[in-house]
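Please open the model in a viewer and keep the selection tool at hand. The stops below proceed from the chain pairs to single residues.

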Amino acid sequence: MWDMELLLKITLLVSTLLPTAALLVWLERRLLGFWQERCGPNRVGPFGILQSLADLIKILFKHDWIPPFADKPLFVLAPLIGALAVMMSFVVVPLSPGWMISDSHIGLLFFLAMTSLAVYGVLLAGWSSNNKYALLGGMRAAAQTICYEVFMGVSLLGVVILAGSFRLSDIVQAQQGLWFVIPQFVGFVIFIIAGIAESHRLPFDLPEAETELTGGFHTEYSGIKFALFFLGEYLGIMLISMMATTLFLGGWLGPWLPPLVWFLLKTLLLICFFILLRASLPRPRYDQLLAFGWKWLLPLALVNLLVTAAIKLTGGT
Amino acid sequence: MWSQLVTIWRVFRHLFAARDTVRYPEQKPYLSPRYRGRIVLTRDPDGDERCVACNLCAVACPVDCISLQKTEDDDGRWRPAFFRINFSRCIMCGLCEEACPTYAIQLTPDVEMSEYDRNSLVYEKEHLTIDGQGKYPGYSFYRKAGISIKGKAKGEADQEEKPVDVRNLLP
Amino acid sequence: MIIQWLFYASATIAVVASLLVITSKNAVHAILYLVVSLLALSLCFYLLGAPFAAALQIIVYAGAIMVLFVFAVMLFNISDEDVRREAQWLSWQAWVGPTVLALLLLAQWVLFIQLAPASAMTETIMVEARAVGATLFGPYLLAVEIASFLLLAGLVGGFHLAKKLPEDNQ
């Protein structure tokens, strides 16, 4: 009754995703160090690669504190929602032709659905902490996510029109001749920006914004719950990079090397680009962020969609 | 928009720039001789302790980390019976060094004083005292000062005149 | 078989969560139960063979509209006095009208199910996104356009309400 191969794949995916997310923390700190002419963590293990393990051990032994003024069930639930919703999305990511857990025909929609649910983790954390900074962070997360989710979906529709399917493997196959990043360059840029905003990465990390909100939605969190938020954030970067690879950069397609290697290479390159953005760009103001989203990116995404649809209808490629 | 792209590119180029980091335990930074680090007690050129237990350092210390007790020896010199610095409180400000009239207490460029046990940071006199004269070689307080000790009466110090004989009217 | 059980389980969850929505005292908890109810409904849609509707249910309702609701409720500071005042408004007389109407609806619904041909629900057909689009922009084009007019009117109205009045107007 149970598909053993599927179970094995799920186990393997989960057991590689979590250490990879931890490794990503190390990679990010290392790269940030390089871009700031520092070394980054280089002591624990060869090239400091075990730094995340040391951090993990430390954070596990920290006091797992629940503030007495917090809404207890939601306070515990929030980090779980945040991390689990992101992890669920990995189900539809096609790593290589034989390596996808679910090749659902609504794969792209499933990804959008799960990312839209992930915001509940942040939102509930902000509300249940019963702390004004956390609440402000949660509100920012809500406004930001609603705004950027809208045109993230719209920007992906151009790809859907070109590929003619929501199935992610079909979308990859449709890029056999030309990667969608070229005909859909506007969509690609919008998706990247929206992806950073969705995963609360640094140019758009307004929900946590240490300098103004003392940590924002996770002000009251410590120990393993904080680690779960962290895990969710880093899994989010991986997810956005993987989706951008799948949708715009031809997924596993590429000459000479095996498909899986191509996929991982492209993903890694995108992740490094995200970290570069973090290293170089300052955080915008809250109203600037929303105005940029509603007044520039949404019309741009709509125009992109219209033009793509028009070209498709008039019998272009 | 363009300026942001330029920013991204410039930051990216830093990947190939030289690191500014001094890799500390292997590669030590230069600390000048006047650096304010671990405190030592020095000796005069004869090998005696310079400290005369005047307590000025303890008074000057803003965090009260110095404590000492005066004794007087048979030869008339003052010495500390004990001299204790609690380095877990010391802020290396150097005020004790400025207050010291005999150049006994001096700060050195040594800063590596980590311990697992807090009590090991309490240094006694035998831990503090070094064999040399520190930053002021050749200086001996009792040879400059006009105080009389055994083997040196009043007026026998450097650049000191003989004490005035108050019973003699001659100039 | 297992699909049937899954359907009944998620349907039960939806019903129970909906009940909890109207009974919980805390507004945020109530909205979260509503989210759970919507998610369970989406699973029902999926099991009934409408994956596109299921995904849209999550993206639009659970993901966007409910986030807006939570956003709004988070800003209200609901005190004990508000709860007391609300309890005053909800007297039993106020319940009579809605209850009668709801019971009428229920009776109609039961009758409709009784009269409907029983064989319609035996097997599920997966409805593709393409089929949904073709239906919406084929036979139901007029309905789609009317709905879009309604949304546009709502948008314009919202813009008008949120617009700052010019200073000299006051």
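Two residues are in contact if their C-beta atoms, placed from the backbone, lie within 7 Å. Of the 2 pairs of chains in contact, chains A and C share the most contacts. The model is a predicted one, in which local features need pLDDT of at least 70 and side-chain atom pairs count only at pLDDT 80 or more, while totals for chains, interfaces and linings use all residues. Residues are numbered from 1 along each chain as its sequence is written, and chains are lettered from A and ligands numbered from 1 in the order in which they are written.

**First stop: chains A and C**

Select chains A and C together. The contact involves 20 residues of chain A and 16 residues of chain C. On the side of chain A that touches chain C, α4 (107–128) and α5 (132–163) of chain A each supply at least two residues. Helices here are DSSP runs of H or I with at least four residues, strands are runs of E with at least two, and both are numbered from the N terminus. The largest share of this side of chain A comes from α4(A), with 9 residues. By class, the side of chain A that touches chain C holds 15 nonpolar, 4 polar and 1 charged residues. In this division, Ala, Val, Leu, Ile, Met, Phe, Trp, Tyr, Cys and Pro count as nonpolar, Asp, Glu, Lys and Arg as charged, and the others, Gly among them, as polar.

Next, select chain C alone. An automatic or database domain assignment gives domain 1 (2–90) and domain 2 (128–164) of chain C. The C-alpha centres of domain 1 and domain 2 of chain C are 24 Å apart.

**Second stop: chains A and B**

Now select chains A and B. Here 10 residues of chain A are in contact with 11 residues of chain B. Both α1 (4–35) and α10 (259–280) of chain A supply at least two residues each to the side of chain A that touches chain B. The helix α10(A) gives the most to that side, with 4 residues. The residues of the side of chain A that touches chain B comprise 7 nonpolar, 1 polar and 2 charged.

What separates chain B from chain C? These two chains do not touch, and their nearest C-alpha atoms are 29 Å apart.

An unreviewed UniProt entry places the feature "transmembrane region" at several spans of chain A, including residues 260–277 and 289–311. UniProt positions are given in the numbering used here, feature names are shortened, and annotations may be inferred rather than shown by experiment. Select residues 260–277 of chain A: the span is 100% helix and 0% strand, with its end C-alpha atoms 26 Å apart. Residues 289–311 of chain A are also 100% helix and 0% strand, and their end C-alpha atoms lie 31 Å apart.

Select chain B alone. Its secondary structure comes to 5 helices and 5 strands, which run α-β-α-β-β-α-β-β-α-α from the N terminus on. The radius of gyration of chain B, taken over C-alpha atoms, is 25 Å. This value is well over the 16 Å that the globule rule (2.2 Å times the number of residues to the power 0.38) gives for 171 residues, so chain B is more spread out than a compact globule. Along the principal axes, the C-alpha atoms of chain B fill a box of roughly 95 × 45 × 25 Å.

Within chain B, display β2 (66–72). In chain B, 3 strands form an open sheet in the order β2-β3-β5, with antiparallel pairing. Strands β2 and β5 (122–123) of chain B stand at the edges, each with a single partner strand, so one side of each is left without a neighbour in the sheet. Two strands pair if DSSP finds at least two bridges between them; β2(B) and β3 (78–86) of chain B pair over 7 bridges. B:Leu68 stands opposite B:Phe83 in β3(B).

Which residues does UniProt list for "binding site"? The unreviewed entry lists B:Cys61, B:Cys90, B:Cys93 and B:Cys96. They span 36 residues in sequence, yet no two of their C-alpha atoms are more than 10.6 Å apart, so they gather at one spot.

Select B:Cys61, in the loop between α2 (56–60) and β2 of chain B. B:Cys61 is partly exposed, with 19 other C-beta atoms within 10 Å. A residue is buried if 20 or more other C-beta atoms lie within 10 Å of its own, exposed if 12 or fewer, and partly exposed in between. B:Cys96, in helix α3 (95–99) of chain B, is buried, with 23 such atoms within 10 Å. Leaving aside neighbours within four places in sequence, B:Cys96 is in contact with several residues, among them B:Cys61, B:Ile39 and B:Ile105.
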